[in-house]
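Welcome! Please take a moment to look over the sequence and the 3D view below before reading on.

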Amino acid sequence: MKTKRTIPWLIICIISALVMAGCAPAPTPAPTSIPVVIQETVTTAAMGVINGRVEFQGPPTPATVFYAVNINDPSQWFTRELAASDGATPFEIQVSAGNYQIYARQVDGPMAAAYLNADGTLGTVTVSAGQTVSEMLLKFAAPQNPCQTTALPASPDGRFPAIDPTNCAALEPTIAVPTTETLATIRGTITYQAPPTPTSMMYFVSAEHWYYLEVPGGDFVSTFEWQVAPGTYQIFAFPLGSEGGSAAGFYRPSAYGDKSIGINSLTVTAGQVVENITVQNINSDNCVFFPIPASPDARFPALEASACIP
């Protein structure tokens, strides 16, 4: 009898234990860490745009390198290569907001163009964030005649040297006074290898004096008239825009003379009037037999003699 009572109690205890185990709360899992991503915001300097054109004294325009240099921080500068063109060369460049000097240097010659103030000094262009500064004109700035008055800095990449003002007194030509009776008068025409005749810079050079004269272009010929002191002169003319020389693809300079003897000399006396002087191409199309000297103001290079091209 004692044994029978013990077994049911055992069964009840086992069942109670199982029920209590089933009702126990489940263990709490360890918390999972969630990574936090921090985004870094990159601030880009606000940009603006400058556009316009590069011109020299006359077309065509040679290949140039354009520069925009921040005057408040010269270490910040922008550049662009500009190809040669038959007329003015357009440009457009994106720059950071700021104050800039803008100029262009001829790739293979001495010429420069720049945005200038009214007095010929290098001007400043202000560009704001998001702004487009349009129609900026870079005008002929070097080499000037009869002396260099506009100063330009060296290019920030070291490719082009600075252009410094020159001593005007050292380069000053003789200025003819038309009312002076002791002067001689020279009249004539200018032509080049083929028409039309571009606007030219003409030089009258003797051992004692030299003069320069800008002669407007013409359809077939250009006519000129100028007065000089008595003396013996060589006369030659360079097309405006050919400061880079004929090797840059421009017309050759012309001179008073012909293809048989080269440059002639012209002697004039006080009060004399000499007419029908022809300044023309004195070389064949393929050869330069007769060199032409550089202009006395160093603006135009000499035309050197060369071998014939078949």
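**A short tour, starting at a glycine**

Gly130 is found in the loop between strand S7 (125-127) and strand S8. Helices (H or I, at least four residues) and strands (E, at least two) are DSSP runs, numbered from the N terminus. This is a predicted model, in which local features need pLDDT of at least 70 and side-chain atom pairs count only at pLDDT 80 or more, while totals for chains, interfaces and linings use all residues. Residues are numbered from 1 along each chain as its sequence is written, and side-chain values use heavy atoms, with hydrogens and water left out.

**Around Gly130**

- Gly130 counts as exposed, at 69% relative accessibility; buried means under 20% relative accessible area, exposed over 50%, and partly exposed in between (1.4 Å probe, protein chains only).
- Although Gly130 and Ala46 are 84 residues apart along the chain, their C-alpha atoms are separated by 6.9 Å.
- Leaving aside residues up to four places away in sequence, Gly130 touches Met47 and Gly48, where contact means heavy atoms within 4.5 Å.

**The nonpolar cores**

- A nonpolar core is a set of buried Ala, Val, Leu, Ile, Met, Phe, Trp, Tyr and Cys residues joined through side-chain atoms within 4.5 Å.
- The largest one has 22 residues, and those that touch the most other members are Ile186, Met202, Phe204, Phe224, Ile235, Ile277 and Val279.
- Two or more residues of this core come from each of S9, S10, strand S11 (210-215), strand S12 (222-228), strand S13 (231-239), strand S16 (266-268) and S17.
- For a closer look, take Ile235: not counting residues up to four places away in sequence, its contacts are Ile186, Met202, Tyr203, Phe204, Ala255, Tyr256, Leu266, Ile277 and Val279.
- Another core lies apart from the largest one, with 21 residues, including Phe56, Val95, Ile102 and Val127.

**Cis peptide bonds**

- From Ala142 to Pro143 the peptide bond is cis, with omega near -10°, and Pro143 sits in the loop between strand S8 (132-142) and helix H2 (168-171).
- The bond from Pro195 to Pro196 is cis too, with omega near -5°; look for Pro196 in the loop between strand S9 (184-190) and strand S10 (200-205).

**Positive phi angles**

- Asn276, in strand S17 (residues 273-280), has a positive phi of about 60° although it is not a glycine.
- Asn276 is exposed, with a relative accessible area of 72%.
- Ala298, in the segment after S17, is not a glycine either, yet has a positive phi of about 65°.
- Ala298 is exposed, with a relative accessible area of 60%.
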